[in-house]
Amino acid sequence: MTRPSRSDAAAAAPRQLPWWVRPSALNLLFLLPMLLIVLGFGMAEGSAPAGRTGTYLSWQFALLCIALTLAAAAGAWLGENLRQHSFVRCDDAHLLRAALVIGVLVLATYLFWYRSLIFNPAVLLAILTGGAPPGREDIGTVTGVTSLVNLAPLYFCLAGYLIFLRRSRDRVLLALTGVLFAFTLFRTYVWTERLATLEAVVPLALAMIGSEAPAPGHRIRRLAWRLGPYAALPFVFAFFAVSEYFRSWPWYQDRMTFWEFSLDRFAAYYYTSLNNGAGTLATAAHWPDGTFQSVLQWLHRFPLGVGERFSQALGLVQFDTVWGPNPAHDFLLRVGDPEFNTQSSFGSVTLDLGVGGALLYFFVSMFCSGMLYTRYARADVVALMLFPSVIMALLECFRFPYWGTSRAFVWLLGALAVLAVLWISGAMRAAKSSHEALGRAVAS
C-alpha cells in the first residue's frame, strides 16, 4: 500500500470556500435580492433619481431579469455538481515564471502608455494635487499594444495564488505586485476607471480567503466570511464616493451635500443601467437584430481590420466612429443620461439574442462557471486564471455583459497563451479527483 502522491492529495482536499464564491449561491442569495431592491426602487412611483431618463422599468422587464438570474443560478448549480474526474496541475516554479513574464509585460505597457505623465514631474505633480488629468485621446493609444494592460487581472490571479496560498516570498513577485497595484490605482484615479481596481482586487481577495474558515476568535474575519458581499457593501460605497469626489462632485457641490450626492449617484449607477436596458428593448424597432454588439463587442473592436469586416458582414454601417444601426446607442442619444450610459447585461444580451437566446446564454455561461468553481477550489491551473472573471461578470451584470468586452477577451487570450506555453513545455499534469486518487492508492 502506497500513499497518494502530493498532487493527488492536493486534488483530494479542495479549498473550503465561503458560500458567496459559489456562482449559484451568489446569484440566488445576493444578486437576486439586490436586483429586486433596485427594481422595486426604480418602479416605485416618485422614487427614481431626479433628473434622469424617464422610467422604462416594467413588470415584464422585471420578470425577464428574474428569469435570467434564475437561469444563471440553475446553470451554475449543475456545473458545480458535475462530476469531474481530473484536474490540471502545475508546479509553482512554472507558475511563478509565467506570472513574472506577464507582470513585466504589463508594467512595460503601463510605462509606455503613461510615459508622457510619469516621466514629466510637473504634469504628474499637477495630476496628483488635483489638476485635471489628460484624457485617453490626449496621451494616445496604440491598438494591440496599450490593450496589453488588460493582462493585469491575469497577473493578479497568478500572483495572488502564489503569494497568499502557496506562501511565495519571491522578492521580485512581491515588488512587481505592489508596483502594478499602484499603477492600477493611478489608472483609476486618472480616468475614474473603477473597473480596473475591481479586476485587481477580486483575484487577490479570492486568494486571500485561504483554505479554511477563520478561527472562532477572529470575529471580524468570520463575519466577513459569512456575510461576504453584504459586508463589502459599505466599503464599495466608500470607494465609489471617493472616486466620485474627484470625478463629478465639483459640478454638484453647490446643489447638495456630498453624502446626498454620493447616495444619489450610487443608486442611479445601477438603477439607470437597468432602466437603459428596459428602455432600449421598449423603443427598439425590432430585436434581436443578429449583430451581437454586446455579447461579441470584443470581436467588433478587434484590430487589424478583423472587427471592421465582421461588423460589415453583419450589415452594420459606420457613422463617424459609431457602427449602426445600434438601438442601445440610439436610445442613449435620444433620451439617455450621458453620465450613465450602460445597458445592463439583462437588457443588452436580450437585445442581441432574444429572450430564448438570453436564457440559454445565462444558463450555459453559468454552467461553465460552475465547472470552473469546482476546479478553482482544487487549484486547477485553468480555473486559477479564469474563475475570478466569473465573479467579475456577476458583480458587473447589472451594468453590462463583462465577458463581451475587449478587456475580458484580452484576459482570456492571455490565459490561453499561458496554458499553451505550459503544455508545450510539459509543465502541466493531470491530478485525479479525490475519490479516484485515494481509491487507486488503496488498491496499489
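Colleague: How many aromatic pairs does the rule give?

Modeller: In this predicted model, the count by this rule comes to 26 aromatic pairs.

Colleague: What makes F266 and Y270 an edge-to-face pair?

Modeller: Their centres are 5.8 Å apart with 80° between the planes, and since an angle over 60 degrees counts as edge-to-face, the label follows. F266 and Y270 are four residues apart in helix α13, and therefore separated by about one helical turn.

Colleague: Is F266 buried or exposed, and how do you know?

Modeller: F266 has a relative accessible area of 19%, and because buried means under 20%, F266 counts as buried. F266 and Y270 also belong to one aromatic cluster, whose members include F258 and W259.

Colleague: What does F258 touch, not counting residues up to four places away in sequence?

Modeller: F258, which lies in helix α13, touches A241, Y245 and W249 under that condition.

Colleague: What makes up the lining of the second largest pocket by class?

Modeller: The lining has 40 nonpolar, three polar and four charged residues, with α10 giving the most, 10 residues, while the space in the second largest pocket is about 1,700 Å³.

Terms used
Residues numbered from 1 in each chain as written. Predicted model: local features only at pLDDT ≥ 70, side-chain atom pairs only at ≥ 80, totals over all residues. Heavy atoms only, no water. 1 Å grid on protein atoms, 1.4 Å probe; cavity = no way out; pocket = protein on both sides within 12 Å on 5 of 7 lines; lining within 4 Å. Points joined across faces, edges and corners; volume = space filled by probe spheres on them. Helix = DSSP H or I, 4+ residues; strand = E, 2+ residues; numbered from the N terminus. Nonpolar A, V, L, I, M, F, W, Y, C, P; charged D, E, K, R; others polar. Contact = heavy atoms within 4.5 Å. Phe/Tyr/Trp six-rings, centres within 6.5 Å; stacked < 30°, edge-to-face > 60°. Buried < 20%, exposed > 50% of the residue type's maximum accessible area, 1.4 Å probe, protein only.
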